[in-house]
Amino acid sequence: MRIHCLICLLIVGGAAWAQEERAIDNFAGVGVRAMGMGGAFVGVADDYTATYWNPAGLAQIDRREVHVGLLRNSRENTSTFNGTSAGSELSNTRFGSLGFVYPYPVYRGSLVFSVGFKRIKDFDWSLRQTGLDAVDSLYVDHRFQHEGELSLSSVAVAVDVSPSLSLGLALGVAGGGDEASNAFSWEDQNDLYTERRFLATDTFSDDYSSSWYTTLGAMVRFPRAQPRLRLGAAMSTSVGQEVRYVFRGSPDGYNRIDYDDGTTLNSDSEEIRGRYQVALPLSFSLGGSYAPLPGLLLAGGVHFAEWSQSEYEGETDQQLRADTAFERQYRDVMRYHLGVEWQVPAVALDLRAGFYTDPLPFVGPRDPDPFTADPPIRIVEDRQFFTLGGGLLLDEVVQVNLAWARGKSTQVEENVSGLETNVLREEHVLTRLFVGVAYHF
């Protein structure tokens with residue numbers, strides 16, 4: 001039954017665990033105040049995180065600022081495979097951002113510099129898939145997990161080019177890593193084969209080598225001092241991201257087979273190294289904010305990226321990685337952001353709330369073969385997040401911010417083989433907690 005095991009791995013396991021390119025989308029949320037307002041910050045951008053949202057906003061800062069932020073993610077994924085449910089959880093705490101802003105004294109207008117680090121993409125993800133496979137009548141118990149991030153270290157400058165118009169440029173280096181682990185188990189519960197259980201494990205260690213990342217921004221403010229209306233725009237681009245990976249697993253597709261007679265067949269694991277490059281498209285952001293009353297701020301924005309225009313470049317290994325057909329398997333997406341902030345009268349307290357959409361760009365099917373029988377992934381509920389936040393000013397120099405975001409999504413994908421179809425439904429719930437402190441002097 002060696003051939004059966006390989007077919008089982010490719011059909012049952014391969015279609016389930018072949019994941020999308022992690023460097024695409026996976027927005028992590030940047031800035032505590034920004035995320036408390038639902039990420040509607042392109043038209044606000046008046047703290048250190050403007051280096052990500054809109055570097056032109058730095059021109060609004062007139063005091064030196066040291067900024068530190070932390071981020072905690074908690075993910076829950078409830079899956080249903082052919083009617084059988086299972087769950088998985090993954091949580092971690094990491095640095096969200098660390099930066100310094102320096103306004104340089106000028107005779108007229110504003111000239112501001114900043115330098116720092118921020119987490120821009122979140123690779124964390126997990127899935128447990130259990131149930132009876134409709135194709136081979138084997139009971140499966142598969143577990144998959146990703147842990148990692150993409151971070152951006154950058155320097156930025158903003159300058160007033162007129163009383164109402166500011167321009168900004170952020171130049172940085174993006175890099176990070178992803179650790180993925182997969183564990184497969186197939187069990188013959190109906191005594192159909194001479195094998196009783198198939199087991200397989202493998203891991204991927206991805207190193208996202210440093211690549212240049214640039215953001216250009218512009219902001220219009222009316223009036224310049226204490227503006228009631230602000231309009232912002234930003235454009236971001238990155239040089240091709242090189243990914244160096246190490247695969248550790250069995251070249252035969254399995255690590256162990258347990259037979260009905262009690263004997264066992266083991267297979268040694270091997271290590272395979274490779275690399276590839278992924279070129280990402282330009283992304284664009286537009287936003288605005290308006291203060292209809294003293295202490296009340298309304299904000300909104302959109303972010304657009306043509307992910308279907310991504311492409312792989314350079315050396316690739318089609319057997320393991322870099323085999324995505326972006327124009328077929330990805331869709332272009334637009335994020336919408338809405339936020340509000342209210343400064344409580346007579347108290348140095350800000351209350352915030354927001355909402356944003358974060359559409360899933362990968363719609364499959366996972367097999368890039370244009371003649372595959374698998375349909376595209378059906379997005380039942382796209383990602384939508386509600387946010388809350390607050391800020392407290394201490395002694396007029398220390399700003400403490402807190403933000404909470406919670407969102408969910410549901411998707412269904414099918415794997416077709418002959419007359420049988422496997423159906424996997426995933427319900428994701430993501431909760432994020434942001435904590436930040438800024439010192440102004």
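Predicted model: local features only at pLDDT ≥ 70, side-chain atom pairs only at ≥ 80, totals over all residues.

Me: Is Asp160 buried or exposed?
Reply: Asp160 belongs to strand S5, which covers residues 139-160. Its relative accessibility is 13%. Buried means under 20%, so Asp160 counts as buried.

Me: Which side chain does Asp160 join in a polar contact of 2.4 Å?
Reply: Beyond its neighbours within four places in sequence, Asp160 is in contact with several residues, among them Ala59, Gly109, Arg221 and Arg224. Ser166 is also one of these contacts. The polar contact of 2.4 Å runs from the side chain of Asp160 to that of Ser166.

Me: Which residues of strand S8 point to the face that is buried?
Reply: Strand S8 spans residues 229-238, and its side chains alternate between two faces.

Me: Which residue of S13 is the bridge partner of Ala234?
Reply: S8 pairs antiparallel with strand S7 (residues 195-222) over ten bridges, and there Ala234 is the partner of Gly217. S8 also runs antiparallel to strand S13 (residues 283-293), with eight bridges joining them. In S13, the partner of Ala234 is Ser285.

Me: How many residues lie between S7 and S8 in their hairpin?
Reply: The loop between S7 and S8 includes Pro223, and the peptide bond from Phe222 to Pro223 is cis, with omega near -20°. Gln226 in the turn has a positive phi of about 50°. The number of residues between S7 and S8 is six.

Me: What is omega for the cis peptide bond that joins Gly364 and Pro365?
Reply: Pro365 is in the loop between strand S17 (349-357) and strand S18 (378-394). For the cis bond from Gly364 to Pro365, omega is about 5°.

Me: What is the relative accessibility of Glu396?
Reply: Glu396 sits in the loop between S18 and strand S19 (398-417). Its phi is positive, about 65°, although Glu396 is not a glycine. Exposed means over 50%, and Glu396 counts as exposed because its relative accessibility is 60%.

Me: What is the relative accessible area of Ser137?
Reply: Ser137 is in the loop between strand S4 (125-132) and S5. Ser137 is not a glycine, yet its phi is positive, near 60°. Ser137 is partly exposed, with a relative accessible area of 28%.

Me: How far apart are the ring centres of Phe100 and Tyr102?
Reply: The whole structure has 17 aromatic pairs. The planes of Phe100 and Tyr102 are at 25°, so this pair is stacked. Phe100 is partly exposed at 29% relative accessibility, and Tyr102 is partly exposed at 32%. The ring centres of Phe100 and Tyr102 are 6.5 Å apart.

Me: How many residues apart in sequence are the parts tied together by the pair of Phe355 and Phe386?
Reply: The rings of Phe355 and Phe386 have centres 5.0 Å apart and planes at 50°, so the pair is tilted. Phe355 lies in strand S17 and Phe386 in strand S18, so the parts tied together are 31 residues apart.

Me: Which residue lies over the face of Phe27?
Reply: The distance to the ring centre of Phe27 is 4.1 Å. The residue over this face is Arg335.

Methods
Residues numbered from 1 in each chain as written. Heavy atoms only, no water. Helix = DSSP H or I, 4+ residues; strand = E, 2+ residues; numbered from the N terminus. Buried < 20%, exposed > 50% of the residue type's maximum accessible area, 1.4 Å probe, protein only. Polar contact = N/O pair within 3.5 Å; in protein donor to acceptor, adjacent residues only side chain to side chain. Contact = heavy atoms within 4.5 Å. Pairing = 2+ DSSP bridges. Phe/Tyr/Trp six-rings, centres within 6.5 Å; stacked < 30°, edge-to-face > 60°. Lys NZ or Arg CZ within 6 Å of the ring centre and 35° of its normal.
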